[in-house]
Amino acid sequence: MNIVVCVKYVPDAQGDRAFEADHTTDREAVDGLLSELDEYAVEEALKIVEAGEGEVTVLTMGPEDAATAVKKSLQMGADKGVHVLDDAIAGSDSVATSLILAEAIRKIGDVDLVLTGLASTDGVMSVVPAMLAERLGMPQVTFASELTVEDGSVTIRRDNEAFSETVEASLPAVVSVTDQINEPRYPSFKGIMAAKKKPVETWGLADLGVDVAHVGLGASWTMVTDTQARPPREAGQVVTDEGQGGEALAQFLADRRLA
Amino acid sequence: MPAATHDLLDLDSLLTEDERAVRASVRQACADLVLPHVAGWYENGDLPAAQVRELVGEFGRLGLLGMHLEGYGCAGMGAVDYGLACTELEAADSGIRSMVSVQGSLAMHALHTFGSEEQRQEWLPAMAAGERIGCFGLTEPDHGSDPASMTTRARQDGSDWILDGTKTWITNAPVADVAVVWARTDDGVRGFVVPTGTAGVQTPTISHKLSLRASVTGQVVLEQVRLPGDAVLPGVRGLKGPLSCLSEARYGIVWGAMGAARTALLTALEYAGTREQFGRPISGFQLTQAKLARMHQAWATGTLLALHLGRRKDEHGLRPEQVSVGKLNNVTAALEICRTARTVLGANGISGDYPLMRHANNLESVLTYEGTEEMHTLVVGQALTGEPAYR
Ligand SMILES: Cc1cc2nc3c(=O)[nH]c(=O)nc-3n(C[C@H](O)[C@H](O)[C@@H](O)COP(=O)(O)OP(=O)(O)OC[C@H]3O[C@@H](n4cnc5c(N)ncnc54)[C@H](O)[C@@H]3O)c2cc1C
Ligand SMILES: Cc1cc2nc3c(=O)[nH]c(=O)nc-3n(C[C@H](O)[C@H](O)[C@H](O)COP(=O)(O)OP(=O)(O)OC[C@H]3O[C@@H](n4cnc5c(N)ncnc54)[C@H](O)[C@@H]3O)c2cc1C
């Protein structure tokens, strides 16, 4: 079973977010890391391969520092990495992102399963997996909270508020996983040492045969025209109980139509 | 890369990317396995044996146990990696760091350096994996700083050894599977590998500790303990055996102490920024700032000292007095930082809801074990003057 895991390098949510003049995310100002939600996808891939056989390849598209996301995945235990790096990519939207990732997956070749996170922690659109599946002509099964593979098919459990669905698809397939599916490991020291020797390839758009006219800010179908910081939270309201505490709470809920 | 707010000197820039990865993994392990529970273990003065097993197992999977040793399932990491791990462990609790120090730097190090191939094969892979726990018995009820006068004896009976004596204040002893015990023989001090299940061995717990309460401490009582001839560590005779192990563990303390100090500094910084008195945050008062500035300064210099010793250790090895300078400076500094941080929190500083009294109390043990403050002062004094002043 050969698995490709798409991992995104995102600004650390603990740091201060900043935007460039063209309203794209400033990816230089803040330390970045492997999107936490993608760690679940890496963990799931490792579990599948450890229980059987095959190879885990991690794939990222992003600036130079995005190599950090590949490195972390290799330290966790993935076998090899691919980093798509090209100045022309900057500002790409999800349509372009999925184009590039799909071409990279084709070039990696011989793939049985593509795993992604549930959403990136910066863009949070959750659309890349579906777009990837469409471009690769593979079935898409999304939001897996449980996953099993056997006999050429993948079965997932998808939890909704009211019920859980079991969905099956034939392989190869694209599956996005949620943060309920497992508990991602942290790199062991042996993993950290071993990662130094694992192969990482860096590909440009030319290597993938992707036309620069189809990617980057200029090719984006959508454009962010403004960004604003969320207004600071208002201070809470303290109710001192002088016999009327219960009523005050009930009134508070009623005023907000919560009760 | 922007520094964390307390790292004014960008000390992080002195570490390699892989060293930071090692640190991140240990920090994560502590956040998951230790921090949610440690205040409770401390308050109850009880780290249950099942918890110890679980922790040691997880630490084994991570590669923490004997991480700086080569082969036999050990991770083979560098001195700075090991130091960073100690910092993270002790940022959580000195007791947890003690458990790892004793396993790796005392028990496993002794087996690795002085053990026969059979002894190494038997114990090291299982200890590295966290399946077996070790302890290290040097101190006795009547002989602490002066171990040369120890009374635990090993005599030969045919090809067997018979051990008699009591070791006390032994970290991990009540939960250990194996004790490395130092005893007097006709041939000088020798080390013995004593499985704790051997007839005549008892490991009672020492209770009522008011420091290092999230660490298991006990005695190793040996009554007519019969061991096979190959239980002795063949590689060393004399006190340099145990003393060289202690130097290894002490090196970890130089780093570990700065972990406790960092927790104290961060706790005080955060509290000072939110606590208001006289109409503004106490972080705005000059007296509070003086405390914070001095705490930061002591933390930063101690961290630099640890890193210097770590780089030297990797490249040249360390002389004992160099480690003594490190232990002397950093443990005293950490204790001072914790006490100062405690005052910044006022009454809350003495509460178990904050980690400051726990760290400060723990450091009282750290100041004493692995050579007291006075002993290290004498080591440094002798190195400077050439005059031994022990007796
Ligand atoms: C409001 C808004 C503002 C935006 N602003 C900017 C901006 O300022 N600058 C900018 O560059 N882009 C911006 N984008 C685009 C967006 O951040 C990504 O470029 C988009 O291509 C990927 O979508 P996503 O991050 O939402 O991924 P999702 O669809 O949420 O990601 C799902 C999964 O796809 C995989 N994946 C996604 N991206 C990658 C990748 N690059 N490499 C490997 N795997 C990946 C991961 O497994 C991830 O878990 C913006 C998008 C929106 C909606
Ligand atoms: C929690 C804890 C865990 C421990 N774990 C272990 C362990 O795992 N294994 C182990 O073998 N030991 C362990 N120890 C024991 C520790 O190493 C000893 O306590 C330490 O070596 C000091 O010995 P002592 O307590 O007998 O003090 P003493 O040697 O009696 O010293 C008492 C005081 O006299 C001072 N003093 C002694 N001689 C001189 C001198 N010549 N000049 C000036 N001052 C002097 C000392 O510095 C000290 O202040 C542990 C101790 C503690 C508290």
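Student: What makes up the domain division of chain B?

Tutor: This is a predicted model. Chain B is divided into domain 1 (11-128), domain 2 (134-231) and domain 3 (240-385). The bounds come from an automatic or database domain assignment.

Student: How do you know that domain 1 of chain B touches domain 2 of chain B?

Tutor: Contact needs C-beta atoms within 7 Å. On that test, 26 residues of domain 1 of chain B are in contact with 17 residues of domain 2 of chain B. H5(B) supplies the largest share of the domain 1 side, 13 residues. Helices H2 (35-44), H3 (49-62), H5 (94-114) and H6 (117-128) of chain B each give at least two residues to that side. By class, the domain 1 side holds 17 nonpolar, seven polar and two charged residues. The C-alpha centres of the two domains lie 22 Å apart.

Student: Why is helix H4 of chain B called largely enclosed?

Tutor: A buried residue has 20 or more other C-beta atoms within 10 Å of its own. In H4(B), 14 of the 14 residues are buried, so the rest of the structure largely encloses this helix.

Student: How do you know what span to expect for H4(B), residues 79-92?

Tutor: The rule is 1.5 Å times one less than the number of residues. H4(B) has 14 residues, and 20 Å is expected. From first C-alpha to last, H4(B) reaches 20 Å, close to that value.

Student: Why is strand E10 of chain A called hardly covered?

Tutor: The burial cut-off is again 20 or more C-beta atoms within 10 Å. Among the seven residues of E10(A), residues 164-170, the count of buried residues is zero.

Student: What makes E9(A) and E10(A) a pair?

Tutor: Pairing needs at least two bridges. Seven bridges join E9(A), residues 153-159, to E10(A), and the strands run antiparallel. A:Val154 stands opposite A:Ala169. With four residues between them, E9(A) and E10(A) form a hairpin.

Student: How do you know that chains A and B meet?

Tutor: The cut-off is within 7 Å between C-beta atoms. Nine residues of chain A are in contact with 14 residues of chain B. Helix H5 (residues 189-195) of chain A gives the most to the chain A side, with four residues. That side divides into five nonpolar, two polar and two charged residues.

Student: Which residues come nearest to ligand 1?

Tutor: Of the 33 residues around ligand 1, A:Thr97, A:Gly117, A:Ser120, A:Gly123 and A:Met125 come nearest. The shell divides into 14 nonpolar, 15 polar and four charged residues.

Notes: Residues numbered from 1 in each chain as written. Chains lettered and ligands numbered in written order. Predicted model: local features only at pLDDT ≥ 70, side-chain atom pairs only at ≥ 80, totals over all residues. Near = placed C-beta within 6 Å. Nonpolar A, V, L, I, M, F, W, Y, C, P; charged D, E, K, R; others polar. Buried ≥ 20, exposed ≤ 12 C-beta atoms within 10 Å, placed from the backbone. Contact = placed C-beta atoms within 7 Å.
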